[in-house]
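Please read this report with the sequence and the model side by side.

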Amino acid sequence: RGPLGNTEERVVAFITDASLLPAAMQKLTSFVLQELNNTIQSEKFRVERKKQNMRPMDAPPSLIGRLEVFVDNVYREEKYRNQQHFSTRPIHLKAGYRGPLAKLEYATSSFLDVLIAYEKKRLDLLSQAGLLLKRPMEAHPNSPFGLLESIFVGLIRAPILLAALFSRIYDLLHESETDEYYVDSPLKQQREENNFSGPWWEDE
C-alpha cells in the first residue's frame, strides 16, 4: 500500500469513527494554547530585561522565534543561491548553505518517487486482473480513434521526454561540480574559516 492508500484509510477512519474528531480538536486546542503561552513568556523575557531589541529567535523558544529562524534560513539560502547560476536548484547548493527550501524539495521529490512507484505497481496489478479498460490505441491501434490517440499522445510526450532528458543532463553535469561539497570535513573547515555555522538543522 502506498501513500494514497494510507491517506484514504486515515480519512475513512476519521469520518467513520466519531471519537476521533473530539480528540483531534482537543489536541489542536492544547497545541494553540501552549504556543500562545510560549509566545507570551518569550515576550515577557524580552521586556523584563529591557532588551526589546533582542530578536525573538534569541529569546526563549516561541512560535515567533521559530518563524524568524525559518525566514532567516530561507534568506541565507536564497542569498547564496542568487550568487550562483539562476537555474541552480536549492538541493544542489553546497551542503552548508542548503536551507528549508532544499529540505522541502528533497522531501517532495522522495514522496513523489514513492507515490509513482506504488501507483505503477497498482496499475500493473489491475491490468493483470483485467480490471482496466484498454485504450483505443492499445485495443484497436489501426482504427481512426486509435491513430488519433497515438498522434495526440506522441505530441504530448515528446516535449516532456526532451525536457526530462535535458534536466537529467544538467543534473549529471552539476553533480560532478557539487559532489565534493557533500563531504562534511571540507565543509566544516570552510565554516570555521568563514565563521558560518550553516542552517540550524545541520548543527551538531
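## The start of the chain

Arg1 is found in the segment before α1. Helices here are DSSP runs of H or I with at least four residues, strands are runs of E with at least two, and both are numbered from the N terminus. This is a predicted model, with residues numbered from 1 along each chain as its sequence is written. Local features need pLDDT of at least 70, side-chain atom pairs count only at pLDDT 80 or more, totals for chains, interfaces and linings use all residues, and side-chain values use heavy atoms, with hydrogens and water left out.

Arg1 counts as exposed, because its relative accessibility is 62%. The classes are buried (under 20% relative accessible area), exposed (over 50%) and partly exposed (in between), with a 1.4 Å probe and protein chains only. Leaving aside neighbours within four places in sequence, Arg1 is in contact with Asn6, Glu9 and Tyr118. Contact means heavy atoms within 4.5 Å. Arg1 and Glu119 are 118 residues apart along the chain, yet their C-alpha atoms are separated by 9.2 Å.

## Overall layout

The protein has seven helices and zero strands. From the N terminus on, the order of elements is α-α-α-α-α-α-α. The protein has 204 residues, and 21% of them count as buried. Take the contacts between residues at least 6 apart in sequence: 46% of them join residues at least 24 apart.

The accessible surface of the protein comes to about 15,700 Å². Carbon and sulfur atoms hold 63% of that surface. Areas come from the Shrake-Rupley method with a 1.4 Å probe; for residues, only the protein chains shown count as cover.

## A nonpolar patch

Which residues form a nonpolar patch on the surface? They are Val11, Phe14, Ile15, Leu20, Leu21, Met25, Leu28, Phe31, Val32, Leu33 and Leu36. Together they have about 1,000 Å² of accessible area. Patch members have over 30% relative accessible area and no salt bridge; nonpolar side chains (Val, Leu, Ile, Met, Phe, Trp, Tyr) are joined within 5 Å, and like charges within 9 Å.

Helices α1 (3–16) and α2 (20–48) each supply at least two residues of the patch. The largest share, eight residues, comes from α2. Ile15 lies in helix α1. Ile15 is classed as exposed because its relative accessible area is 65%.

## Salt bridges

A salt bridge is a side-chain nitrogen of Lys or Arg within 4 Å of a carboxyl oxygen of Asp or Glu. By this rule the count comes to five. The table lists pairs from among them.

| Pair | N to O distance |
|---|---|
| Arg76 and Asp72 | 3.1 Å |
| Arg81 and Glu78 | 2.8 Å |
| Glu105 and Arg89 | 2.6 Å |

Arg76 and Asp72 both lie in helix α3, four residues apart, about one turn of the helix. Arg76 is partly exposed, because its relative accessibility is 39%.

Arg81 also sits in helix α3, which covers residues 63–83. Is Arg81 buried or exposed? Arg81 is buried, because its relative accessible area is 18%. Glu78 is buried as well. The side chains of Arg81 and Glu78 also make a polar contact of 2.8 Å. A polar contact is a pair of N or O atoms within 3.5 Å; within protein, one must be able to donate a hydrogen and the other to accept it, and residues adjacent in sequence count only if both atoms are side-chain atoms.

The side chains of Glu105 and Arg89 meet at 2.6 Å. Glu105 lies in helix α4 (residues 100–128) and Arg89 in the loop between α3 and α4, so this pair ties together parts that are 16 residues apart in sequence. Glu105 counts as buried at 18% relative accessibility. Arg89 is partly exposed, with a relative accessible area of 30%.

## An aromatic pair

Rings of Phe, Tyr and Trp (its six-membered ring) pair if their centres lie within 6.5 Å; planes under 30 degrees apart count as stacked, over 60 as edge-to-face and the rest as tilted. The count comes to one aromatic pair. The ring centres of Tyr80 and Tyr97 are 4.1 Å apart and the planes are at 10 degrees, so the pair is stacked. The pair links distant parts of the chain, 17 residues apart: Tyr80 is in helix α3, and Tyr97 is in the loop between α3 and α4. Both Tyr80 and Tyr97 are buried.
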